[in-house]
Amino acid sequence: MEISEALERILPAFEQYYTVNKDSEPPFCAQAEFRSHNEQYFLVRSAHIADIDSNEFVYFAQSPSLSKEELENFVNKSWEDGLSKVKPYNGHRNSDVTLIIITKQLECPLENAIKKTKLYKSYKWSLHGWSHFKLAVVELDTQHIYFNRFGKDYRKLLEKNIYGGKK
């Protein structure tokens, strides 16, 4: 399977809930954005208690052969760009940044580097929310999916859409 074919299988899964932009700036081939706003009231609408905003910014990258330097570049660029879109205030709950990389093969053993990738930021001691970094790397040659602690949420979605649920 080619990288572009795998990407075309993943993006429709995101289009249902996310706003997908396929004309993204390099080094990313696509971006998706999810925004949710909830309000809480006490009995009547005029008794407003709280606003709750939750966001997720997903970046898609592709590479024929993923090296450690390229992985670090993708991670840093997506984290910086994702954090630039965050507007923390007292009703902000979280804004997560997700990076999904599709590659034919890993250049060197990157499993530990992927697993140990951890980025976190809190705003005003978490009173104005926080941001987590989620990472998932799809290696097409071996049909493996590597992820960090928060990125494992995407395992089933990627397996189902790329490999048809069969791994």
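In this predicted model, Lys-134 has a relative accessibility of 11% and therefore counts as buried, since buried means under 20% relative accessible area. Side chains of opposite charge can pair when their charged atoms come close. Lys-134 forms a salt bridge with Glu-56, and the closest N and O atoms are 3.9 Å apart. Lys-134 belongs to strand β6 and Glu-56 to strand β3, so two distant parts of the chain, 78 residues apart, are linked by this pair. Glu-56, at 9% relative accessibility, also counts as buried. Lys-134 meets a further side chain, that of Asp-96, in a salt bridge with an N to O distance of 3.8 Å. Because Lys-134 lies in strand β6 and Asp-96 in strand β4, this pair ties together parts that are 38 residues apart in sequence. Asp-96 is buried too, with a relative accessible area of 9%. Lys-104 is partly exposed, with a relative accessible area of 22%, and Asp-141 is partly exposed at 47%. Salt bridges with shared partners also join Glu-33, Arg-35, Asp-81 and Lys-85 into one network. A search of the whole structure finds 9 salt bridges.

In soluble globular proteins, nonpolar side chains tend to be buried together. The largest nonpolar core of this model has 23 residues, and those with the most contacts inside it are Phe-14, Val-58, Phe-60, Ile-100, Leu-140 and Leu-158. Two or more residues of this core come from each of the elements α1 (3-15), β2, β3, β4 (92-106), β6, β7 (144-147) and α4 (155-163). Helix α1 gives the largest share, 6 residues. A second, separate core has 21 residues, among them Leu-66, Val-97, Tyr-123 and Val-137.

Two serines give a closer look at polar side chains. Ser-78 is found in helix α2, which covers residues 68-84. With a relative accessible area of 0%, Ser-78 is buried. The side chain of Ser-78 has a polar atom 3.0 Å from the backbone oxygen of Phe-74, and it reaches the backbone oxygen of Val-75 at 3.0 Å as well. When residues up to four places away in sequence are not counted, Ser-78 touches Phe-28, Tyr-59, Val-97, Leu-99 and Phe-133. Between the C-alpha atoms of Ser-78 and Gly-129 there are 19 Å, and the two residues are 51 apart along the chain.

The other serine, Ser-24, sits in the loop between β1 and β2. Ser-24 has 16% relative accessibility and so counts as buried. A polar contact of 3.0 Å joins the side chains of Ser-24 and Gln-31. Apart from neighbours within four places in sequence, Ser-24 is in contact with Cys-29, Ala-30 and Gln-31. The loop between β1 (19-21) and β2 (30-42) is also the place of Pro-27. Pro-26 and Pro-27 are joined by a cis peptide bond, with omega at about 15°.

Leu-43, in the loop between β2 and β3 (44-66), has a positive phi of about 65° although it is not a glycine. The relative accessible area of Leu-43 is 80%, so this residue is exposed. Trp-125 also has a positive phi without being a glycine, in this case about 55°. The loop between β5 (120-122) and β6 (130-139) holds Trp-125, which is exposed, with a relative accessible area of 78%.

Together with Phe-42, Val-44 and Ile-49, Leu-43 makes a nonpolar surface patch of about 470 Å². Of these residues, Val-44 lies in strand β3 and is partly exposed, with a relative accessible area of 46%.

Key
Residues numbered from 1 in each chain as written. Predicted model: local features only at pLDDT ≥ 70, side-chain atom pairs only at ≥ 80, totals over all residues. Heavy atoms only, no water. Helix = DSSP H or I, 4+ residues; strand = E, 2+ residues; numbered from the N terminus. Buried < 20%, exposed > 50% of the residue type's maximum accessible area, 1.4 Å probe, protein only. Patch = residues over 30% accessible without salt bridge, like charges linked within 9 Å, V, L, I, M, F, W, Y side chains within 5 Å. Areas by Shrake-Rupley, 256 points an atom, 1.4 Å probe, with all protein chains shown as cover. Salt bridge = Lys/Arg side-chain N within 4 Å of Asp/Glu carboxyl O. Polar contact = N/O pair within 3.5 Å; in protein donor to acceptor, adjacent residues only side chain to side chain. Contact = heavy atoms within 4.5 Å. Core = buried A, V, L, I, M, F, W, Y, C linked by side-chain atoms within 4.5 Å.
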